[in-house]
Each structure stands twice: as C-alpha cells, then as structure tokens.
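This report describes a ligand site, a sheet and selected backbone features. The sequence and the model are shown first.

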Amino acid sequence: MSGHPAELDQAREHLRRAASICVLTGAGMSAESGIPTFRDAMTGLWQRFDPMQLASEEGFRADPGRVWRWYAERRAGVRAAQPNGGHRALAAFAQRHPGRLTLVTQNVDDLHQRAGNADAIRLHGDILAERWLEPCRRSPSCDPGRALAAEPPRCGECGNPVRPGVVWFGEALPYHALDAAELAARRCQAMLVVGTSGAVWPAAGLAAQARRQGAVVIIVNPQPSEIDDEAQLCLAGTAAQLLPALLDPL
Ligand code: OAD
C-alpha cells in the first residue's frame, strides 16, 4: 500500500466529517483498467500522438479517416476495459451515502457509469457517443446512428460526417456539465482529486474554486500534479490502491 498511513488517516477523517464531497477524476483513474493516460511519460497518448492532429476540429477536417480510426481503436479499448477497485470504491461510497458525493470526471470512458455512478458529470463528453460535425439543418434532425457506413460515417442526405462526442482542443465544455461541476466545487466541504495532471482548464481550476470556499482538497496521484499547491493533502499512490483504503471504511 502506498500513501503515508498518517496522511491516509487524516484524509479519511476529513472525508468522514464532510457533509458534501466533490470528486474530480482524470485519466489516471482508469489507468489500472488498462486505458492509457495522456501525459504520463512513456505510456501517455500525447507522448506518441499529436493532439492537434487527432483531437481538434482542424485535425478532423484535415484527415477525417485518420481521426475516425484512432477513435475507433480507443473505443474498442474502452469497451474491453472493466472498472477497477477505485471506480468501485467511489460507486459504493455514493450508494452508502446518497446525496453526499458529486462525481465530476474529465474521462470520456464509461467506467464510472458501469461501476454504478450513473450521474457522474462528464466535462469532456463521451467517446462512445456520436454526433454530426455540422449542426443538422433538417427537422427532425437526422440520426447520426443511421449514417452510411464509412470512415467516418456520413449522412445519406447531405454528406455531413459523424464525429466522436468528445470535447476537442479549442472547443467549449458542455455548459450544463461545467455549471454543475463549478457549483459542486464551490459548495463542497471536501474535494478529492484523483488521477489528473491538472494541466487542462477549466477542469484544473475546480480545486482552486473549492479551496477558496473553504473546502479541504485531497489529491490522489502517484506523481506530482500541477495543482498540488491547492491541496492540503497529497496522497502518493494509485486510484485502485488508495480509494478503497480511503473510502471503504466510511
Ligand atoms: P493526464 O494524462 O494529463 O494525467 C494523468 C494523471 O494521472 C497524471 O498526473 C498521472 O500521474 C496520474 N496517474 C497515472 N496513473 C495513475 C493511477 N493508477 N492512479 C492515479 N493517478 C494516476 O490526464 P488528465 O489530467 O485526465 O482531454 O488530462 C486532462 C485532459 O487532457 C483529458 O480529459 C483529455 C486530455 O487531452 C480530452 O479528452 C478533452
């Protein structure tokens, strides 16, 4: 078990006392389920791929087939993955304490949902969802699920391509998700930040918002992150190791 035992106890006591807890998760949350992170040295996706080519509208327009195939591979990885002990510990805590935990995730996989957190707030969309690149002008709108098979699939009426339902670089976050996440961050008494580098905004700013309103901020990450200064406690360890140790006794 990693994470200093005294710090683990302290963190657990903060969580025990907190009437409302906001949890912010990032790619490290799903690393032990076999889904690669973005910025980890060696294994991170952005070490091997150019995010502007693969995760921007510009990159999609330049080579839609390349982007579509890259997401198809990632989707297959997500479908094959299973929630780990960290996802399960969060879901079990939420079930034991109805209404006490708000889960906010930057992850586009569905592992929190499959573990049982059906109402997790998804800041960066859903990799398994599909939508039109251009807004559909028909009424009622054409269904992207019925597009003509191709890489990417296209509308049989107008040729509009289908794109993955994720937020790309340069795009705004879904308004309702960001609003709900900011509200939860401002209202919580404890914020638990798990497996994020804290490099991507506005998600990275949620810990500071919680801290400013008087919440205790606890980080779980085997490595330092860019938002460690916002935290009273940084527990060095992984999500699947530390979350059950932290939450199962509560
Ligand atoms: P990053 O890849 O930037 O950071 C992953 C973090 O997880 C690092 O700080 C690692 O140290 C940590 N980590 C690795 N393994 C872990 C484990 N087993 N348990 C806990 N932590 C672990 O991922 P994010 O911070 O999520 O955007 O990246 C933010 C956004 O940048 C992503 O949502 C994605 C990306 O571009 C979109 O998809 C829109």
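## Conventions

Axes are lines fitted to C-alpha atoms, for helices over the stretch in contact, and angles run from 0 to 180 degrees between N-to-C directions. Contact means heavy atoms within 4.5 Å. Helices (H or I, at least four residues) and strands (E, at least two) are DSSP runs, numbered from the N terminus.

The model is predicted: local features need pLDDT of at least 70, side-chain atom pairs count only at pLDDT 80 or more, and totals for chains, interfaces and linings use all residues. Residues are numbered from 1 along each chain as its sequence is written, and side-chain values use heavy atoms, with hydrogens and water left out.

## Sheet and helix packing

An open sheet is formed by 6 strands in the order 3-2-1-6-7-8, with parallel pairing; two strands pair if DSSP finds at least two bridges between them. Strand 3 (121-122) and strand 8 (233-235) are the edge strands, each pairing on one side only.

Strand 2 (residues 101-105) runs parallel to strand 3 and is joined to it by 2 bridges. Thr-105 has Arg-122 of strand 3 as its bridge partner. Helix 6 (residues 85-96) lies across strand 1 (21-25) and strand 2, at about 150° to strand 2.

## Ligand site

There are 23 residues around the ligand, of which Phe-38, Arg-39, Thr-196, Ser-197 and Asn-221 come nearest; a residue is near if one of its heavy atoms lies within 4 Å of the molecule. This shell divides into 9 nonpolar, 11 polar and 3 charged residues. Here Ala, Val, Leu, Ile, Met, Phe, Trp, Tyr, Cys and Pro count as nonpolar, Asp, Glu, Lys and Arg as charged, and the others, Gly among them, as polar.

A backbone N or O atom of Arg-39 lies 2.7 Å from a ligand oxygen atom, and a polar backbone atom of Gly-195 is 3.2 Å from an oxygen atom of the ligand. At Gly-28, a backbone N or O atom lies 3.3 Å from a ligand nitrogen atom. Of the 790 Å² of accessible area that the ligand has on its own, the protein covers 92% (Shrake-Rupley method, 1.4 Å probe).

## Backbone features in loops

Glu-151 and Pro-152 are joined by a cis peptide bond with omega of about 0°; Pro-152 is in the loop between strand 4 (125-132) and strand 5 (162-166). Another cis peptide bond joins Trp-201 and Pro-202, with omega of about 5°. Pro-202 is placed in the loop between strand 6 (190-194) and helix 9 (206-212).

Met-42, a residue other than glycine, has a positive phi near 75°. Met-42 is found in the loop between strand 1 and helix 2 (45-48).

Conventions. Polar contact = N/O pair within 3.5 Å; in protein donor to acceptor, adjacent residues only side chain to side chain.
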